[in-house]
Structures are given as C-alpha cells and as structure tokens.
Amino acid sequence: MRIEWNTGRGYSAEGQRIVAEVLSDCVVFYDTARGFGGTVSLPSFAGVGDADAVQRHVMRCYDRNDYKSTPEDRALFNRIVREAQQ
C-alpha cells in the first residue's frame with residue numbers, strides 16, 4: 001500500500017510531501033521536500049491498511065528520528081524518480 005500526504009511544514013514552497021509504502025515487514029518513506037527517506041518498523045497496532053494510522057506512525061517516528069536508512073527506502077526513492085520521468 002502506498003500513501004502520500006503533505007505535512008504543511010514549510011520545507012518547500014509546496015510544503016512537505018511524504019510518500020510511504022507499507023511492505024511486509026516495515027514501512028518505508030521518502031520526504032520529497034528535504035530529499036531523504038527512511039525505514040520504520042511496522043506499527044504495533046492492528047490495521048496497517050489504515051492510511052491515517054500509518055501516516056501518524058511514520059510522522060511520530062520521523063519526528064523522533066526513529067528510522068533507519070535501508071536499501072528499501074532507497075528503492076522507494078528510485079521508483080518515485082522513475083514514475084516522475086514517465
């Protein structure tokens with residue numbers, strides 16, 4: 001599942017757009033405004049199909065710097081770039 005949202009934070013003229021994908025064992029995200037991504041654990045609550053809950057989980061981890069750089073988040077970045085070029 002892929003979700004996208006804008007935090008409204010002033011990191012660019014368009015705000016701060018976050019793209020996240022829920023994978024089988026983690027959630028990867030990419031911050032298009034600041035140019036970096038990360039990987040967080042799956043939420044410990046039920047309902048990872050709930051986009052709002054995943055968004056809150058990602059932002060909670062993001063704001064606490066509780067994420068890691070992994071090959072999965074770099075792969076998400078590459079997919080975003082390829083999609084933008086199409």
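**Loop and sheet**

Student: Where does Asn65 lie?
Tutor: Asn65 sits in the loop between α1 and α2. Helices here are DSSP runs of H or I with at least four residues, strands are E runs of at least two, and both are numbered from the N terminus.

Student: What are we looking at, and how is it numbered?
Tutor: This is a predicted model, where local features need pLDDT of at least 70, side-chain atom pairs count only at pLDDT 80 or more, and totals for chains, interfaces and linings use all residues. Residues are numbered from 1 along each chain as its sequence is written, and side-chain values use heavy atoms, with hydrogens and water left out.

Student: Back to Asn65: buried or exposed?
Tutor: Asn65 counts as exposed because its relative accessibility is 57%; the cut-offs are under 20% for buried, over 50% for exposed and partly exposed in between, using a 1.4 Å probe and protein chains only. Its phi is near 55 degrees, a positive value in a residue other than glycine.

Student: And the sheet, what's the strand order?
Tutor: The order is β1-β2-β3-β4, an open sheet of 4 strands with antiparallel pairing. β1 (2-6) and β4 (36-41) are at the edges with a single partner strand each, so one side of each has no neighbour in the sheet. Pairing takes at least two DSSP bridges between two strands.

Student: How many bridges join β1 and β2?
Tutor: β1 and β2 (residues 17-22) pair over 5 bridges, in the antiparallel sense. Ile3 has Ala20 in β2 as its bridge partner.
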